[in-house]
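Please have the sequence and the structure open while I speak.

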Amino acid sequence: MSVHTVKEILASLRRKESKPSEWTETALRMIEQHDPTIGAFLTVDGERALERARRLDGEAFDGALFGVPYALKDNICTRNLKTTAASRILESYIPPYDATVAQRLAATQGVLLGKTNLDEFAMGSSTENSAFQLTRNPYDVKRVPGGSSGGSAAAVAAGMVPFALGSDTGGSIRQPASFCGVVGLKPTYGRVSRYGLIAFASSLDQIGPFTRSVEDAAFVLQAISGHDERDSTSAPQDVPDFVRGLEGGVKGLRIGLVTGLDEHGVDAEVQAAVGKAVQTLQDAGAEVVEVHLPHLRYAVATYYLIAPAEASSNLARYDGVRYGRRAAGQSLAEMYENTRSEGFGMEVKRRIMIGTYALSSGYYDAYYRRAQQVRTRIREDFEQAFKRCDVIVMPTTPTTAFPLGEKVDNPLQMYLNDIFTIPANLAGLPALSVPCGVSSEGLPIGLQLLAHWWDEATLLRVGHTYEQARGFAMPLPRMGA
Amino acid sequence: MGYETVIGLEVHVELKTKTKIFCGCSTNFGDPPNTNVCPVCLGHPGTLPVLNRQAVELALKAATALNCQINQDCKFDRKNYFYPDLPKGYQISQYDQPIGEHGYVEIEVDGRRKRIGITRVHLEEDAGKSMHGEDGRHSLIDYNRTGVPLIEIVSEPDIRSPEEARLYLEAIKSIMQYCDISDCRMEEGSLRCDANISLRPEGSTEFGEKTELKNMNSFRNVQRGLEFEVQRQTQLLEQGQAVTQETRRFDEATQTTVSMRSKEEAHDYRYFPEPDLLFVHIDDAWLDRVRAELPELPAQRRARFEQELGLPAYDAGVLTAERAVADYYESVVAAGSDAKTASNWVMGDLLGYLNAQGLTVEASPVRPEQLAGLIAQVDKGTISIKQARDVFKLMCESGKDAEVIIKEQGMEQISDEAVLVPIVEEVIANNPKSVEDYRAGKQKALGALVGQTMKATKGKANPAVVNKLILERIGG
Ligand SMILES: [Zn+2]
């Protein structure tokens with residue numbers, strides 16, 4: 001198995017050493033060969049992908065991702081291509097429109113191969129909540145790929161596509177990137193348009209790339225960033241040249257180490273790998289400072305009020321009336337009840353109930369309002385911290401990928417896995433997960449970097465510098481146990 | 001024991017924007033079902049709302065015209081409930097930071113001004129329209145109306161009778177039309193009204209148990225529904241029974257109200273801030289501009305008509321109720337007509353004709369300058385008032401100017417003495433008996449002579465001139 005980065009594919013295409021259709025064929029072959037084991041894709045749009053690629057064969061190299069195959073998480077709407085959010089309720093839903101990111105990628109002349117698996121409506125940390133199939137970790141198929149964007153992470157890790165998009169609400173890009181040994185980037189909230197992303201928690205959701213290098217992440221981010229008038233929360237913020245910004249090193253940059261992380265049960269191997277990564281950055285000229293995030297410990301609780309509250313409202317539209325699954329019923333109320341009972345899985349129902357409760361009259365102040373207040377505190381923690389440093393370093397997750405089935409019946413355990421990723425969502429910060437080692441069991445470990453709002457440039461520069469300096473290449477996945 | 005009626009109204013007014021509040025679909029009324037829809041207003045997965053600034057502009061105008069304090073930082077909230085005509089399962093509305101609060105309107109009750117407080121004015125999106133099949137098994141939904149911008153105007157419980165409620169509604173409608181905020185066509189649903197009504201012993205300051213009244217689709221029905229409720233609640237209280245807090249529906253066929261749902265079934269809307277939209281900041285410049293551009297409102301115009309034009313209060317009230325009528329009237333006056341004469345024509349013949357034909361004043365076949373032209377013909381003495389009313393009818397039918405019709409019909413009044421003198425002298429010569437009678441003191445005989453002269457001129461003689469000429473000749 002040989003895998004290629006976006007950069008390598010583009011270079012080869014530009015030099016006319018290869019044709020777009022060859023890359024698409026290779027990708028489809030990889031999917032055919034490995035996906036029966038991995039289960040990353042819910043839909044493979046092979047014929048149309050080949051058709052598009054062949055058309056590009058005859059065209060001059062033009063768009064920024066000309067001829068590069070890619071995949072989209074199946075909660076990103078694609079016109080005329082089934083988009084399910086891995087839910088029975090949208091089992092056969094075909095959107096009448098394209099998400100902005102899908103449109104932007106199409107405009108770069110990339111080739112969409114298909115849609116990847118996820119936890120239903122992006123609710124989960126293992127992709128086990130998909131209504132349709134399990135996705136397995138390419139490094140150990142008995143383990144989870146992480147979630148909710150487990151399909152996109154696994155597809156990139158397994159070499160099926162050089163990049164894929166996911167969505168990150170509480171870590172759904174960074175955690176699976178960490179578990180699958182790839183690069184995952186959650187941009188600043190508002191950097192990438194959410195138009196066409198099936199909403200889970202609107203104030204937290206953000207689309208971002210999975211890639212095999214930080215440089216590729218910069219490249220893809222460039223293609224999907226920028227204000228979109230269809231998303232009022234997308235910021236009219238200048239988009240810098242991320243790729244050019246990669247060079248320049250970390251000399252003089254201040255790296256913030258968060259104090260008191262031990263209390264969150266960080267695995268020793270993870271701690272060691274992250275420590276080593278910090279040393280690498282220090283050796284490259286960065287200065288290390290300590291920072292405090294006193295409200296970090298409340299992040300999970302805060303998140304699990306705000307996200308379900310928004311979700312309970314966002315998922316109200318799945319009522320069987322206009323699209324998607326509709327169950328029979330003797331009355332309107334019964335039709336609603338049957339449709340939603342049959343259409344939603346356990347975790348989705350759990351969160352709808354938690355969210356409905358948190359917003360109920362009499363409980364709103366104690367839960368939702370309180371959670372928003374804590375969210376403000378967490379944001380302020382970061383404001384303070386970033387006065388002392390340029391990037392903050394943390395593990396992406398406390399542990400490496402856990403076995404399939406281990407936490408599926410223990411939602412609290414599952415939720416606690418998001419402790420280090422949730423704060424960036426609550427604060428709206430950009431955050432990046434870069435592979436920083438492999439455990440004794442051969443499982444990838446992720447280094448998480450967080451930067452100031454809108455400063456993806458510094459984030460990517462530090463990530464890129466680390467990647468260049470780390471002194472090892474990630475081993476290729478075994479695709480077996 | 002006597003009871004005092006306490007009423008508060010919630011009025012929904014559709015704003016006159018070209019496109020919906022959160023998408024680009026047309027707001028046109030009456031198009032085939034589900035033709036003005038898109039993924040956004042159908043609530044497709046992944047779609048997001050984008051605020052139409054024009055809707056904010058109109059809501060701001062409304063709140064200003066209703067004397068509200070403006071929240072310069074207002075926000076949107078989600079009101080969550082399930083209904084098939086609500087595609088997202090929530091309505092985007094405003095909860096705790098509405099665009100306007102603490103306003104009022106004035107109405108005139110029995111010749112006295114009364115101020116009705118306005119609690120709040122907020123902006124929200126309309127829902128679709130459900131139509132239930134007669135087989136009782138099917139319902140159809142038209143989503144054309146989904147996302148049409150609305151403002152909800154909530155009054156204080158300051159209204160004390162069904163009649164006041166109607167007057168309040170008329171005042172609201174009038175203000176909305178003056179500011180070009182809404183058509184306020186109740187029959188098309190662009191103005192809708194729900195009422196809260198309770199009774200309390202006279203002199204009491206505490207509110208009684210209230211009922212909420214829905215489904216009243218005309219101003220008349222609002223008044224009737226409330227009148228029925230007053231009656232029903234009075235009866236209950238007099239019998240020593242309690243009024244149940246509930247929602248009731250006005251039934252047009254029976255002119256009564258019937259129970260829809262009790263308070264226990266009331267919704268918990270789980271309001272929370274809409275995360276898909278930003279705060280709306282209304283800066284001073286925007287607010288100042290809206291204030292400056294606000295047209296003269298009905299109450300001000302009415303006062304001006306009374307004071308500057310010297311119109312009776314009744315005339316001023318009728319003429320200013322609708323902005324278009326007031327505009328029409330003022331154009332007639334501007335074209336040179338006497339204020340009171342113009343008022344008589346507009347309120348009488350013009351509105352009479354338009355109402356009979358079901359036309360709006362904008363669609364009047366007679367333009368204001370044409371009406372002024374007609375009035376001028378009467379002033380000049382070309383035609384009599386009686387003739388003028390016939391000419392007006394012909395103007396309505398043909399759209400022609402009064403002058404043209406008078407010529408065509410040969411209606412010009414003869415006022416030229418040189419023409420009339422020989423005729424008058426001939427009539428006097430031919431009617432010695434009448435002359436004698438008049439001189440003997442029979443006033444009636446003068447009428448006979450005038451009548452003969454009119455007959456001789458086929459009715460075209462100017463009666464005043466004829467009168468004068470005869471008197472000059474037979475003394476008096
Ligand atoms: Zn629309």
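**The zinc site in chain B**

Four cysteines of the protein hold the zinc ion as donors: B:Cys23, B:Cys25, B:Cys38 and B:Cys41, each through its SG atom, at 2.3 to 2.4 Å from the ion. Please keep in mind that this is a predicted model. What is the geometry of the site of the zinc ion? The site is tetrahedral, and the angles among its 4 donor atoms run from 101 to 114°. Along the chain, the donors of the zinc ion are spaced as C-x1-C-x12-C-x2-C.

Let me now turn to another part of chain B. B:Gln443 sits in the loop between α13 (432-439) and α14 (444-456). Because its relative accessible area is 57%, and exposed means over 50%, B:Gln443 counts as exposed. From B:Gln443 to B:Val466 there are 23 residues in sequence, and their C-alpha atoms are 15 Å apart in space.

Finally, I come to chain A. Which residues form a nonpolar patch on the surface? They are A:Tyr357, A:Tyr363 and A:Tyr367, which together have about 280 Å² of accessible area. Of these, A:Tyr367 belongs to helix α12, residues 365-388. A:Tyr367 is partly exposed, because its relative accessibility is 31%.

Note on methods. Residues numbered from 1 in each chain as written. Chains lettered and ligands numbered in written order. Predicted model: local features only at pLDDT ≥ 70, side-chain atom pairs only at ≥ 80, totals over all residues. Heavy atoms only, no water. Patch = residues over 30% accessible without salt bridge, like charges linked within 9 Å, V, L, I, M, F, W, Y side chains within 5 Å. Areas by Shrake-Rupley, 256 points an atom, 1.4 Å probe, with all protein chains shown as cover. Salt bridge = Lys/Arg side-chain N within 4 Å of Asp/Glu carboxyl O. Helix = DSSP H or I, 4+ residues; strand = E, 2+ residues; numbered from the N terminus. Buried < 20%, exposed > 50% of the residue type's maximum accessible area, 1.4 Å probe, protein only. Donors = N, O, S within 2.8 Å, 3.2 Å for Na, K, Ca; no water. Tetrahedral: all angles 85-135°; square planar, octahedral: opposite > 155°, others 65-115°.
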